[in-house]
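Student: Please take a close look at the pairing of oppositely charged side chains here. I would like one connected account, with the cut-offs behind each term stated.

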Amino acid sequence: MRPKLTRRRLMVGGGLGAGLLSGGVFTASSFQSGRNHEGPDAPQQVPWSLGAGVAWVFSSGGPRGYVHVGVIKALDELGLHPGLIVGASAGALVGTMRAAGYRGTELQSLALEAAPWKVTRLNPFGPPWLAGDALADFMRHCVDGRPLEALPTPVACVAWNRSQQQLVAFNRGDTGLAVQASSAIEGDFAPVTIRGEVYVDADLHQPMPVRTARALGGLRVLAVDASAHEDRAPAGTEPWRAGDLRKRALTQPDANAADLVLHPDTGYYAGMSREYRERVIEIGYRETLKQADALRALHGVDAKS
């Protein structure tokens, strides 16, 4: 029987995040939803003086964010390396894992061995009734407790400061909490409070933060867009047209600001079955390899090397 698919924008913590989480690393989570995180390790954005070369930017995308895994696998196979990684929501999760040293093949194994939904947490302070505390725990485990600034590749997790109505790029402090804040899809996941400010994911504001990567020091930018190709939407998807056009309007200025954009067509409908994950990862991998020459040129690598 064909797996049930959905057009609904699924949350990263219960979508891509739950998929990666549920490989058995955690069966319990330190539940802290509603807490104000204000210790010295609380995430923050600090000034950088990076001449970062090529920045890799990974967009939000819920389950479509599995495409980032395939893209990274191909980039690794091509021998390419970023000077900076910037991600939003699903892109923050996968990008931070890559910044911590996980290669595409390792990310693929994590994604495919998962049993989605196993560790989704309820938020008793809701609505929203879901929380990303397990995601934060998972990320801390994966990076051996290292803060963002201690990861091998500079990385920033982009979130929306709902209190101040502005974007923030966390590049210092608790890695798990930064990814949780970046992945707290507004209306679906409990927001994260850090130093008295409330943070949610940036999908409704800057889903593909290329301009943020430029501001952080990215001299050249490779952007990976995990959104749907709304111009290829099948019949019957008209009810979602306005949302698709809103997302494209938000994404387009950053696409224009990138040196190269990869926008693999993963299909209009999204799901969480293993079949879906395999297919989306393979599409990202295959479509990235098709751009091998352009990618090598962007990274200043000789095609013969």
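Tutor: Glutamate 278 has a relative accessibility of 36% and therefore counts as partly exposed, a class that lies between buried, under 20% relative accessible area, and exposed, over 50%, as computed with a 1.4 Å probe on protein chains only. This is a predicted model, in which local features need pLDDT of at least 70 and side-chain atom pairs count only at pLDDT 80 or more, while totals for chains, interfaces and linings use all residues. Residues are numbered from 1 along each chain as its sequence is written, and side-chain values use heavy atoms, with hydrogens and water left out.

The partner of glutamate 278 is arginine 274, and their side chains form a salt bridge with an N to O distance of 3.0 Å; the term requires a side-chain nitrogen of Lys or Arg within 4 Å of a carboxyl oxygen of Asp or Glu. Both glutamate 278 and arginine 274 belong to helix H9, where they stand four residues apart, about one turn of the helix; helices are DSSP runs of H or I with at least four residues, strands are runs of E with at least two, and numbering starts at the N terminus. Arginine 274, at 42% relative accessibility, is likewise partly exposed.

A second pair joins arginine 248 to glutamate 230, with the closest N and O atoms 3.0 Å apart. Arginine 248 sits in helix H8 (residues 241–257) and glutamate 230 in the loop between strand S10 (220–224) and H8, so this bridge ties together parts that are 18 residues apart in sequence. Arginine 248 counts as buried at 15% relative accessibility, and glutamate 230 does too, at 12%.

Since aspartate 265 lies in the loop between strand S11 (260–262) and helix H9 (274–289), and arginine 232 in the loop between S10 and H8, the pair ties together parts that are 33 residues apart in sequence. Aspartate 265 is partly exposed at 30% relative accessibility, whereas arginine 232 is exposed at 52%.

Salt bridges also link Asp76, Arg98 and Arg103 in a network. Across the model, the count under this rule comes to 15 salt bridges.
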